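My entries follow in the order I checked them.

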Amino acid sequence: MTRRQRAVLALVCAVAVSTIYGIQPVLEAAGEDLGLRRGALGWLVAAGQIGYLAGLVLLVPLGDLFDRRRLITVHLLLTAVGAGVAAAAPSGGIAITGLALAGLFAVVVQITVAYVAAVSPAGERGRNIGAVTSGVVIGILAVRVVAGALGELTDWRMVYLVIAGICAMLALAARFTLEADIRRPRVRYGQLLSSLGRLVVGDRLFLSRGLVAFFLFASFGTLWSGLALPLGDAPWHFGTTEIGLFGLAGLTGTLGAARAGRWADRGLAPSVTGWSLALLTASWLLIAQAGSSLWLLIIGVIVLDFAVQAVHVSSQHLLTTARPDQNSSVIGAYMAFYSLGSALGAITTTWAYSAAGWSAASLLGAAYAALGLLVATSTRRFAALPRARHRPGTPTAPASRTGSDRSPSKSGT
């Protein structure tokens, strides 16, 4: 891959994922404008995650059947349509529909990652995935800064108008910058979908990494879906601009994504997963102090985002290496756990905050992280074989030696 192509793909990831997270810093303003109660605000965040989940299951497997460059272009255009519907919504129901539609086609992120994994040499796969995935981190966090400023200067609707316009421009850039990635599928779409179920049941590496992702992003979603609430309340009473600026602290996650890719190329993904999840759990001790110390909160946010991205990139590297002929399907199925976890975090954090304040929400986030660590520790042996066979200078082993101990033909994929 050229540097220009990596830059375009990283930007695609950043803008697409921002359709899901752009609502968070302007959550209260959007809810007030749309007439939603505080306890129902979590559904504005969860709508994008629910749409994303549907796209992961139904749309991402198309990347194993068709030209991924064309899919990236079309999905960006349809993401723009969903963002436009949200921007023009006259009511909460239509806004939720638009956000869900944007989330449905924002799975262009996973098609992009699969494209990168497919065209990258084995020794550079982790580095390239890390570089492009850093765009996801930038999108998730930088959109909070931009959305907060736009919400303060204009209103929350402008956030999605801007996103829609950028998605349309990126569709053209992807079309003329990327090389075609023609698929020659040996299976049909229905067979791909049915293979996802067998993947969950029969592949222990996949199942363990999926469960880690579920709890990882439930913890992540607990922070970023609910942080605007304590910052907007006493004693801070911050506006959307100040709240959005906290996204800058999380941009250190880009360092985690880039560095984790290099660690994964060296076969260190299982170790990185363990200590990163321990850091994630500990970060909530600092984040819980949001009502009394902004500095402790900022340090906690930095640690949390670094840890999340280190685990995320490590998992994607392991899975795409284990099943190189099913990059799109495997990533889509894996990210379904991500989407479910993020939606769970979004819904439960607003509920916990309404019921018992930020301390309760922080305890919830720490519990999710601890559960992820428990899963990773108890299933570490399933990642041992991928680690062993990808030492620098060694050839890639056949797919039959994955955590499932079965070849693709025998596992039905």
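Which residues in α4 meet which residues in α8? I note before answering that this is a predicted model.

**Entry 1: α4 and α8**

I listed the α4 side of the contact as Arg69, Ile72, Thr73, Leu76, Leu77, Thr79, Ala80, Ala83, Gly84, Ala86, Ala87 and Ala88. On the α8 side I found Trp156, Arg157, Tyr160, Leu161, Ile163, Ala164, Cys167, Ala168, Leu170, Ala171, Ala174 and Arg175. Helix α4 spans residues 68-88 and helix α8 spans residues 156-177. Their axes come within 8 Å and cross at roughly 165°. That angle is over 145 degrees, so I put α4 down as roughly antiparallel to α8. I recorded the crossing of α4 and α8 as left-handed.

I stayed with Arg175, one of the α8 residues that meet α4. The charged end of Arg175 sits over the ring of Phe176. I read 5.7 Å from that charged end to the ring centre.

**Entry 2: α6 and α7**

Next I took helix α6 (residues 108-119) and helix α7 (residues 125-153). They pack at an angle of about 160°, with their axes 9 Å apart. I therefore wrote them down as roughly antiparallel to each other. The crossing of α6 and α7 is right-handed. From α6, the residues in contact are Val109, Thr112, Val113, Val116 and Ala117. They meet Arg125, Asn128, Ile129, Val132, Thr133 and Val136 in α7.

**Entry 3: aromatic pairs**

How many aromatic pairs does the structure hold? I got 9. I looked up Phe217 and Tyr338, an edge-to-face pair. Their centres are 4.3 Å apart, with 75° between the planes. This pair links distant parts of the chain, 121 residues apart. Phe217 is in helix α10 (residues 204-226), and Tyr338 is in helix α17 (residues 327-356).

I then turned to Phe238 and Phe246, which form a tilted pair. I noted 6.3 Å centre to centre and 35° between the planes. Phe238 has 23% relative accessibility, so I call Phe238 partly exposed. Phe246 is at 9% and counts as buried.

**Entry 4: Tyr21 and its cluster**

Which residues share one aromatic cluster with Tyr21? I wrote down Tyr52, Phe217, Phe220 and Tyr338. Tyr21 is in helix α1 (residues 3-21). Tyr21 counts as buried because its relative accessibility is 2%. I set aside residues up to four places away in sequence and listed what Tyr21 touches. The list is Gln49, Ile140, Val143, Arg144, Phe220, Tyr338 and Ser342. I also checked Tyr21 against Ser225. They are 204 residues apart in sequence, and their C-alpha atoms are 8.3 Å apart in space.

**Entry 5: Ser314**

Is Ser314 buried or exposed? I found a relative accessible area of 0%, so Ser314 is buried. Ser314 lies in helix α16 (residues 294-322). I left aside neighbours within four places in sequence and looked up the remaining contacts of Ser314. They are Arg209, Ala260, Ala269, Val272 and Thr273.

Definitions and conventions:
Residues numbered from 1 in each chain as written. Predicted model: local features only at pLDDT ≥ 70, side-chain atom pairs only at ≥ 80, totals over all residues. Heavy atoms only, no water. Helix = DSSP H or I, 4+ residues; strand = E, 2+ residues; numbered from the N terminus. Buried < 20%, exposed > 50% of the residue type's maximum accessible area, 1.4 Å probe, protein only. Contact = heavy atoms within 4.5 Å. Phe/Tyr/Trp six-rings, centres within 6.5 Å; stacked < 30°, edge-to-face > 60°. Lys NZ or Arg CZ within 6 Å of the ring centre and 35° of its normal. Axes fitted to C-alpha atoms, helices over the stretch in contact; angles between N-to-C directions. Parallel < 35°, antiparallel > 145°, perpendicular 65-115°, else oblique. Left-handed = near helix turned anticlockwise from the far one by under 90°.
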